[in-house]
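Good morning, and thank you for coming. I would like to walk you through one protein model and a site that a database record assigns to it. Please look at the sequence and structure now.

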Amino acid sequence: MIDLDYLAFLENILTDNRKERFLHVLENRTKHFTVAVEDVYQMHNTSAVMRSCEVFGIQELNVIEQRFGKRIDKEIALGAQKWVDINRFDSVEGCLSDLRNKGYQIIATTPHEQDCMLEDFDISKPSALFFGTEKEGLSAAIMDNADGFLKIPMVGFTESLNISVSAAIIIQNLTNRLRRSDIKWQLFDEEILVKRLDWAKNSIKDIKRIEARYYEENPR
């Protein structure tokens, strides 16, 4: 449960414009779709995918670190790491299990004989969109466990796009279609409260001192 008094205490420190901005952004946030990246070697690509998630309203990014550790490139993410939730996994199996337990179908974004073109993709089901390594694509473990396959239509000689470009195209297309639909894609009220609290804490300098002062004045 969210401590509403603590939330109010923190939000009183923020400007009205800041609080209104939070509410406006949260109106457009969704967990109907989530994004997962698997062992992306070039770290700036993970940061760029996170930025696309933030810009187009995807609240959660799942990062599989089975081979390569990740760190967020702040210059590329441009602050997106403060607003997007990152779920980290050290195995493909752990990530797949977690997402299935949350009710997502697993969608591999890669050319495949049973693939679906982007514009034909059924947006009604909660979906986890998987993106693979720059050179090798998605692993067999994900391909074998995928519920569907999705690709971007291309008409040139080049058969693939950089992962960050692919993610941006797909996320922008699907979230725009989602917002024009009658699907209940928005965050739940409790999820909005959680994000208001997280974002308030991320916006206040010396938050640990502020938090300590609050609990000293308001012992539980």
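**The annotated site and its surroundings**

I begin with L161, which is in contact with I152, M154, S166 and I169, leaving aside its neighbours within four places in sequence. Contact here means heavy atoms within 4.5 Å.

Before going further, a word on the source: this is a predicted model, in which local features need pLDDT of at least 70 and side-chain atom pairs count only at pLDDT 80 or more, while totals for chains, interfaces and linings use all residues. Residues are numbered from 1 along each chain as its sequence is written, and side-chain values use heavy atoms, with hydrogens and water left out.

The term pLDDT is the predictor's confidence in each residue, from 0 to 100. The protein chain has a mean pLDDT of 88, and 89% of its residues reach 70 or more. Over residues 72-78, however, pLDDT stays under 50; for this stretch the model has 18 contacts beyond four places in sequence.

Which residues does UniProt list for "binding site"? The unreviewed entry gives T109, I152 and L161; UniProt positions are in the numbering used here, feature names are shortened, and annotations may be inferred rather than shown by experiment. These residues are spread over 53 residues of sequence, yet they cluster in space, with a largest C-alpha distance of 11.3 Å.

Where is I152 found? It is in the loop between β7 (148-151) and α7 (163-179), and L161 lies in the loop between β7 and α7 as well. Helices (H or I, at least four residues) and strands (E, at least two) are DSSP runs, numbered from the N terminus.

Is I152 buried or exposed? I152 is buried, because its relative accessible area is 13% and buried means under 20%, exposed over 50%, and partly exposed in between (1.4 Å probe, protein chains only). L161, at 36%, therefore counts as partly exposed. I152 touches L161, S166, I169 and I170, not counting residues up to four places away in sequence.

I169 has its place in helix α7 and is partly exposed, with a relative accessible area of 32%.

Finally, I turn to T110, in the loop between β4 (105-109) and β5 (115-117). T110 counts as buried because its relative accessibility is 18%. Residues that T110 touches, beyond those up to four places away in sequence, include D115, L138 and F149.
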